[in-house]
Amino acid sequence: MLYILMYVVQVILLIVFLVVIILFILWSIGNIKNKVPFVAASNAVLKDIDKALDIKDDSVVYDLGCGDGRVLLYLSHFHPKAKYIGVENSAFPILLARFGSFLNKKNTGNKVEIINKDFFEQDLSNATHIFTYLYPNIMDDLFPKFREELKPETKLVSLAFKFSGKEPISEIDLKRSKYKLGRKLFVYQF
Ligand SMILES: C[S@@+](CC[C@H](N)C(=O)[O-])C[C@H]1O[C@@H](n2cnc3c(N)ncnc32)[C@H](O)[C@@H]1O
């Protein structure tokens, strides 16, 4: 009996080990492929992101490089009538985001759409709000696309990083320790 129990425990540990290795490989591949790694926004700043975005019932909100989808999932709880689209091209965060979206739909009926795509290829012409947590050079690479595709008045909130050639309409200090990532929000109007 003890042998069987030990065998079962060993098999379970092996499966857990293999799953962790597979997830680690998926995470590493995503980080190598993209210039921006998967680092999720801190839960401590989600409330500030919500306030800065100022979402309405008819808003269409994108998170470009949505990671595990936590920002959109959080927003959809407080503004259930708006539409939420996360664009992500890395396998590990997509898995997490789709699972979160599935649970969210089960619990609240709100669907957060997660698109597996390079955000440079996503049409953004229906966006009213955009959230980003990327890198300064990627912000600048995306800038011409935003200029071309975004409707006038589209609001963009960037955690931590600015455009080099456009001034934000406001900067919000999140009052986080200097050792933490994501200490400011930059709010832009296109
Ligand atoms: C710093 S994380 C931010 C995650 C999420 N927005 C958040 O704040 O929690 C940046 C994400 O962008 C994704 N990413 C980077 N380049 C991308 C691209 N060209 N297309 C789609 N996603 C991309 C990465 O895989 C990563 O998950």
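Tyr-135 is partly exposed, at 31% relative accessibility (buried is under 20% relative accessible area, exposed over 50%, partly exposed in between, with a 1.4 Å probe and protein chains only). This is a predicted model, where local features need pLDDT of at least 70, side-chain atom pairs count only at pLDDT 80 or more, and totals for chains, interfaces and linings use all residues. Residues are numbered from 1 along each chain as its sequence is written, and side-chain values use heavy atoms, with hydrogens and water left out.

**Aromatic pairs**
- There are 10 aromatic pairs here (Phe, Tyr or Trp rings, the six-membered one for Trp, with centres within 6.5 Å; planes under 30 degrees apart are stacked, over 60 edge-to-face, the rest tilted).
- Tyr-135 and Phe-161 make an edge-to-face pair, with ring centres 5.8 Å apart and planes at 90°.
- Phe-161 is partly exposed, with a relative accessible area of 21%.
- Phe-146 and Phe-163 also pair edge-to-face, at 6.1 Å centre to centre and 80° between the planes.
- Both are buried: Phe-146 has a relative accessible area of 0%, and Phe-163 has 4%.

**Aromatic cluster**
- Phe-143, Phe-146, Phe-163, Tyr-188 and Phe-190 form one aromatic cluster.
- Lys-166 puts its charged end over the Phe-190 ring, 4.8 Å from the centre (the rule: NZ of Lys or CZ of Arg within 6 Å of the ring centre and within 35 degrees of the ring normal).

**Around Ser-59**
- Ser-59 is buried, at 4% relative accessibility.
- Beyond neighbours within four places in sequence, Ser-59 is in contact with Ala-82, Lys-83, Thr-128 and His-129 (heavy atoms within 4.5 Å).
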